Amino acid sequence: VRAAVWLDGRLVPLRRARVSVFDRGFLQGDGVYETIRAYRGRPFRLVEHLARLRASARAVGIALPGGVAPLGRAVAAVLRRLGGAADARVRITVTRGNAGPDPAPRRDPRPTRVVTAAPYTPPSPAEYARGVPAVVTRIRRNDRRAQDPAIKATSLLNTLLALREARRAGAREAILLAPDGRLAEAASANLFFVRGGTLHTPALESGILAGVTRALVLDLARRLGIPVREGRYRPTALLGADEAFVTASTIEILPLSSVGRRRFPPIRPVTRALREAYRVTVADELGV
Ligand SMILES: Cc1ncc(COP(=O)(O)O)c(C=O)c1O
């Protein structure tokens, strides 16, 4: 495996990058994280990702030593170590740390901070052209009152169970409903659909992650003069759409070819216009 690793303040070789068996991230999924895409060694929308990491850490009461600034520098360091040319996936993980064997220690330990960069292969041009199949899973998104999906937490069982269900059904993406049966988001991406020329996406109040890509796509749509609506949607709204896609930092804007038995037409003018605008934004901001 080729990967560059920063662990608690320094770059370390992958084979020596180790955390304790008592780390609460490992034992309890007690941590928060971010995934960032880098293009030719430059992270896209790093400021936005660091802001969300700060919010996630605050929401679960994990104190970040020195704030997010050292993590921003660590991102630059791992990308430099990996070498500039390739597309890369950067992950920042902060767990509550190693508290020893006591599952309920009185005081919080020092957080464990890990930043990794590894080469990333995006979906193929054929997948972007054809779209990928999705299903609405029986597994629902966590209730906001149980574990708020706005917190980007390392405890991902909810997501993984939905993905397993989707893969068993022969789909690549899982669409999760909120506990109230309204559309929420994909397993690791936000959901959009186009109906009658209007772009729709579940509102943040649906109980979803506030995607960095989602925010940019909404912004691009407004700039392109595409009508936008955020709402609480029934699954039938998605099934009756003309176009549908999912968004995340790694995959950007990925069209859905189908949701369950519903197949979407292969011509997707709105998705295509947004994808084009997204590429231009990446090029402009990063100079790549
Ligand atoms: C549950 C979930 N929703 C949405 C997203 C998309 O977020 P972003 O666009 O910030 O990458 C992710 C990111 O992986 C995610 O895990």
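**Contacts of asparagine 190 in the predicted model.** Leaving out residues up to four places away in sequence, asparagine 190 touches Glu185, Ile208, Leu209, Gly211, Arg214, Phe245, Val246 and Thr247, where contact means heavy atoms within 4.5 Å. Asparagine 190 lies in strand β10 (residues 190-195) and is buried, with a relative accessible area of 5% (buried means under 20%, with a 1.4 Å probe and protein chains only). Its side chain reaches the backbone oxygen of leucine 209 at 3.1 Å. This is a predicted model, in which local features need pLDDT of at least 70 and side-chain atom pairs count only at pLDDT 80 or more. Residues are numbered from 1 along each chain as its sequence is written, and side-chain values use heavy atoms, with hydrogens and water left out.

Threonine 271, placed in helix α8 (residues 269-286), is buried at a relative accessible area of 2%. The side chains of threonine 271 and glutamate 243 are joined by a polar contact of 2.6 Å (a pair of N or O atoms within 3.5 Å; within protein, one must be able to donate a hydrogen and the other to accept it, and residues adjacent in sequence count only if both atoms are side-chain atoms). Apart from neighbours within four places in sequence, threonine 271 is in contact with Glu243, Phe245, Ile253 and Pro255.

**Packing of helices α2 and α3.** The axes of α2 (residues 46-60) and α3 (residues 69-82) come within 10 Å and cross at roughly 135 degrees. The contact is made by Leu46, Leu50 and Leu53 of α2 together with Leu71, Gly72 and Val75 of α3.

Methods. Axes are lines fitted to C-alpha atoms, for helices over the stretch in contact, and angles run from 0 to 180 degrees between N-to-C directions. Helices (H or I, at least four residues) and strands (E, at least two) are DSSP runs, numbered from the N terminus. Buried means under 20% relative accessible area, exposed over 50%, partly exposed in between (1.4 Å probe, protein chains only).
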